[in-house]
Amino acid sequence: MSLASPRTISIPVPGATLLEVEHLTVTFPTSAGPVDVVKDASFRVESGDTLGIVGESGSGKSMTSLAIMGLLPRGGTATGSIRLNGHELLGRSDREMRRVRGDKVAMVFQDPLSSLNPYYTVGLQIEEAYRAHNGGSRKNARNVTIEALERVRIADAARRVDHYPHQFSGGMRQRIMIAMALCLEPDLLIADEPTTALDVTVQAQILELLADLQRETGTGMIFITHDLAVVSQVAQDVLVMKDGAHVESGTAEQIFSNPRAPYTRALLEALPRIVDPFDELKGLSR
Amino acid sequence: MTLVILRRVLAAAGVLLLISLFTFMIFFWLSPDPAVQICGKTCTPERIDQIREQLGVNLPFWQQYWQFLSGIFTGRTYGEGAAAIECAAPCLGFSFQTNESVTDMIVARMPVSVTLAIGAAVLWLLAGIGGGLLSAVKQGTGWDKAVMISALAGISLPNYFVALLLQYLLVVQLRWLPFPQSVTFAEDPLLWFQSYLMPWLVLAFGYAAMYSRIVRTNVIDTLGQNFMRTAKAKGLDAPVVLRRHALRPSLTPVVTLFGMDFAGLLGGALITETVFGLNGVGKLTADSIAKNDQPVIMGVTLLAAALVVVANMVVDVAYTYLDPRVRVKSA
């Protein structure tokens, strides 16, 4: 499969290495000299699996995902290696990266309302993603869009496709974002705190939806969150980050049952548990 | 939708009524006696009373206001008998200095102001939006600085100064343009265009400066929005991202501004018209103020207010089409 031909349909092989990130360092210039917001991060995502990246605000988890997309904010530079299906992504031109974005690697963001353009119908916003990579008629794109909305379980999709983002609830908007990401059948889906802006019941629905869709499509996923409880539900592998640096990684089971790094233990202890109501809720000491 | 428009129209009518009342009050209490003005040097108290009666200024305030208001809808007659003066509806008053109805005076000068406003608007929208967009996309570069420095000049240099400078450069020094003359388009299209070019440029400069700064701010603001990141993450081409996703949110607020500014100009560009000797509503205003011709001043004041109120209404209705969030709330 060549990245140069975006029409190629890739069939993910379970267990094959989809994404391999090695020694990724993201640097931003500041008035006080360059600052590394991601320091020497290495991880891999297998086809069909989910990697959870956990860390507090400023740990560099979002910058890692933006580096994969080639969408670092102005001034940011990434060094190291990011290979998707064996092809190096770093150092590609914006033009080449445009074919990767959406088609090979899709992203779902934290705040679904502000992530959708308020001036256009959700249908148009999904259609344009599909047509940017597959061309074809608007009619065809519209059918794909309605299908995608149905897949994320939006009732009455044929009518809702012409509605504007503000006419949907928070959870519905995130479903729309997921539909937008999945209509192109990407190899890798990066979900950056997709449930943080949602309440707990809606969060559970979205997590379930993501898991179902992943089972159906075999898409590899990077799930970025600050919430260890969420990670335990979705991820097979976990990477813990702090201040841009790799703290600990391993299978979810390892991390949860036998954390080695003191920071991971602190994170786990900070999880609220309804065991002893009088137990002190532990905070993170920086 | 119809209900929304109807509500807006009623509100606008109410606002106009209040404006007419306030304007009338100001001229009723704060201005000198028009009868004394008209009477001139060879004046007797009897003559003044006579004129007062003819003008109707001897009546109490409410009665005069009512006469003025009903005159707009049904026309009115000043004085009685053979000396009576007819003022047909819509009668905004009668100037005893020029012996013309205010409505006729305004109507005669409207075409110049409209021509001036439309030409300038085209120029300033092109320059303002283009410049703002350029400096936002090329933020921090030489382009950005060039546009912003020009904008600073446009905002800070007074209209009359730019007008005189331009006249000196283009007409006197370089001789690129003939001295502006008042010709109609039908008489001499080229001279007509050449005569309007400088006023258009002068007027557009100030507005373009303001618009380019506003557009720049809006575009930069929009470019930082999360949905722009989404658009890029979809793999859209950069020009599509800009055109489809950044332009509309950035330019919709400009519609409000444009409606107000354009309506304001239809009510006369006082300084520009005076400097270039264009016989528009603005020059009429300036002349009437100089001569203290109150009925005319009041007429143009009311016209300017009415234009802004109507523009406001049009913008509000247009907004319900331009911004889907407004549309659904009001429906």
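Which residues in helix H10 (residues 262–269) of chain A are buried?

1. Tyr263(A), Thr264(A) and Leu267(A) are buried. They span an arc of only 100° around the axis, so they sit on the same side of H10(A). The arc is taken from the directions from the helix axis to the C-beta atoms. Buried means 20 or more other C-beta atoms within 10 Å of the residue's own, exposed 12 or fewer, partly exposed in between, with C-beta atoms placed from the backbone.

2. This is a predicted model: local features need pLDDT of at least 70, side-chain atom pairs count only at pLDDT 80 or more, and totals for chains, interfaces and linings use all residues. Residues are numbered from 1 along each chain as its sequence is written, while chains are lettered from A and ligands numbered from 1 in the order written.

3. The buried residues of H10(A) pack against helix H8 (228–234), strand S9 (237–242), strand S10 (245–251) and helix H9 (252–257) of chain A. Helices (H or I, at least four residues) and strands (E, at least two) are DSSP runs, numbered from the N terminus.

4. Asp243(A) lies in the loop between S9 and S10 of chain A. Its phi is positive, about 50°, although Asp243(A) is not a glycine. Asp243(A) counts as partly exposed, with 16 C-beta neighbours inside 10 Å.

5. Arg175(B) also deserves a look. Its phi is near 55°, a positive value in a residue other than glycine. Arg175(B) is exposed, with 8 other C-beta atoms within 10 Å.

6. Ala89(B) and Pro90(B) are joined by a cis peptide bond, with omega about -5°. Most peptide bonds are trans.

Conventions:
Contact = placed C-beta atoms within 7 Å.
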